[in-house]
Every structure is written in C-alpha cells, then in structure tokens.
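I opened the notebook to record what I looked up in this model. The entries follow the order in which I checked things.

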Amino acid sequence: MSGPKIACIGIIGKADNPLHISLFPPYVNSTVEFSFLLNACLDIFEIRQKQTSVDQDLGLLHAVDEKLAAYGWLTTTGVKLLVIIDLIGQPVPNSIEKPKGFPRTGSKDPDLKPVFRALQTAYIRLLQNPFYSPDDHVPTIKAVAPASNSLQITDNKFIAEVRHIGETWAPDAAIP
C-alpha cells in the first residue's frame with residue numbers, strides 16, 4: 001500500500017515568474033515536465049482569481065492524470081504557491097500498521113492547508129530578512145536574456161525549509 005506524497009513545490013512571483021521550484025523523488029530529473037505543469041496552472045490561477053473573493057486557498061487546480069494533481073494558494077501579495085501531489089506515492093513499509101477501512105486514493109483539499117501555511121510562513125520569514133530584496137526577483141523589460149537562475153530565490157535557509165515541508169508532509173499530519 002502507498003500514500004500520497006508531494007512531488008513538486010513551486011513558488012511563483014506576482015509577475016508569473018518562477019521564484020523557486022523543488023522536486024522530490026522520484027521526480028528529481030523531471031524539471032521540464034513540472035515547469036510545464038506549473039506554467040499551465042497559472043492560467044487556472046488567473047481564472048479563479050476573477051471568480052473568487054479574497055480567499056487564499058484555491059484548492060484543486062488541475063488533475064493531471066490518475067497519479068498527479070496540482071493544488072494552489074494565493075498570497076495577499078500575489079505570490080502563488082503550487083503543490084503537486086503524487087496521489088499514489090511511495091510504498092509504505094510493512095512494519096507500519098495499515099489503517100482499517102478503505103484505502104486512501106486521493107488527497108482532500110484541507111490536508112494541504114498546513115503545507116500552504118508552512119510555505120507562506122517560510123516565504124514571510126524570507127521577506128523579513130534585511131538582506132533579501134524581493135525586487136531583485138521581478139523580471140524587467142530591459143533584461144533581454146537573463147541567466148536562468150538570476151530570478152530564482154537562492155536563500156539556503158528558505159530552500160531548506162521548503163525541502164523539509166515537502167519531505168515531511170503526510171495526509172492528516174501537521175508540519176513540524
């Protein structure tokens with residue numbers, strides 16, 4: 001038996017520029033596929049923004065197939081948090097007692113609220129760093145051919161927090 005796990009976490013700026021993308025095993029070498037998927041979710045963000053109130057949790061954005069599903073959260077500053085869940089996940093070791101009843105095959109929206117809150121908290125901590133300048137990550141028209149990582153968040157503490165969130169999440173569990 002296996003359980004859902006996070007396959008990808010994306011932090012997208014208010015100008016729809018990727019600020020940070022974390023991939024988790026076994027998807028570590030799938031950068032192009034997940035970049036495309038995250039980009040496709042931005043259109044859904046735009047549609048939902050027009051149809052909803054100020055509520056930050058946009059829930060399920062896109063069910064890619066029977067295995068992957070994308071969920072979204074919008075911050076008040078326009079930064080978009082995206083989490084792509086592998087609904088099948090990794091096998092659970094035999095030493096762990098299997099739950100009684102029907103097996104879980106999907107993830108409910110409320111299961112991801114702790115993930116989005118933890119990601120938002122990590123991003124707020126990054127913004128509170130006096131040495132971090134969010135304006136450095138906004139694309140300008142003058143930049144003809146920016147380096148691929150020039151607009152990415154490079155703060156090691158933030159990257160470690162995002163990685164920790166992605167690795168420790170489990171359905172119905174709090175993020176430590």
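**Entry 1: helix H3.** I noted at the start that the model is predicted. I looked up H3, which spans residues 156-168 and has 13 residues. From its first C-alpha to its last, H3 reaches 18 Å, close to the 18 Å expected at 1.5 Å a residue. I then listed the buried residues of H3 and found Phe-158, Glu-161, Val-162, Ile-165 and Gly-166. They lie on the same side of H3, because they cover an arc of only 130 degrees around the axis. On the face turned away from that buried side I found the exposed residues Asn-156, Lys-157 and Glu-167.

**Entry 2: what H3 packs against.** Which elements do the buried residues of H3 pack against? I found strand E1 (5-12), strand E2 (18-23) and helix H2 (113-128).

**Entry 3: strand E1.** I checked burial along E1: 8 of its 8 residues are buried, so E1 is largely enclosed by the rest of the structure. I then looked up its pairing partners. With strand E5 (residues 80-86), E1 pairs in the antiparallel sense over 7 bridges. In that pairing, Cys-8 stands opposite Ile-84 in E5. With E2, E1 also runs antiparallel, and 5 bridges join the two. Here I noted Ile-12 opposite Pro-18 in E2. The hairpin of E1 and E2 has 5 residues between the strands, and in it Asp-16 takes a positive phi near 60 degrees.

**Entry 4: Leu-82.** I picked Leu-82, which lies in strand E5. Is Leu-82 buried or exposed? Its relative accessibility is 0%, and buried means under 20%, so Leu-82 counts as buried. I looked up one C-alpha distance: Leu-82 and Ile-11 are 71 residues apart along the chain, yet their C-alpha atoms are separated by 6.4 Å. I also listed the contacts of Leu-82, leaving aside its neighbours within four places in sequence. Among them are Cys-8, Ile-9, Gly-10 and Ile-12, residues of the E1 range. Leu-38, Cys-41, Phe-45, Leu-61, Tyr-71, Gly-72 and Phe-116 are also in contact with Leu-82.

**Entry 5: aromatic pairs.** How many aromatic pairs are there? The count comes to 3 aromatic pairs, and I looked at two of them, starting with Trp-73 and Phe-116. This pair is stacked, at 5.5 Å centre to centre with 20 degrees between the planes. Trp-73 lies in strand E4 (residues 68-74) and Phe-116 in helix H2, 43 residues apart, and the pair links distant parts of the chain. I checked burial for both: Trp-73 counts as buried at 4% relative accessibility, and Phe-116 counts as buried at 1%.

The other pair I looked up is Tyr-123 with Phe-158, which is edge-to-face, at 6.4 Å centre to centre with 70 degrees between the planes. Tyr-123 lies in H2 and Phe-158 in H3, so the pair ties together parts that are 35 residues apart in sequence. Tyr-123 is buried, with a relative accessible area of 8%. Phe-158 counts as buried at 1% relative accessibility, and I had already listed Phe-158 among the buried residues of H3.

Notes
Residues numbered from 1 in each chain as written. Predicted model: local features only at pLDDT ≥ 70, side-chain atom pairs only at ≥ 80, totals over all residues. Heavy atoms only, no water. Helix = DSSP H or I, 4+ residues; strand = E, 2+ residues; numbered from the N terminus. Expected span 1.5 Å × (residues − 1). Buried < 20%, exposed > 50% of the residue type's maximum accessible area, 1.4 Å probe, protein only. Arc of directions from axis to C-beta. Contact = heavy atoms within 4.5 Å. Pairing = 2+ DSSP bridges. Phe/Tyr/Trp six-rings, centres within 6.5 Å; stacked < 30°, edge-to-face > 60°.
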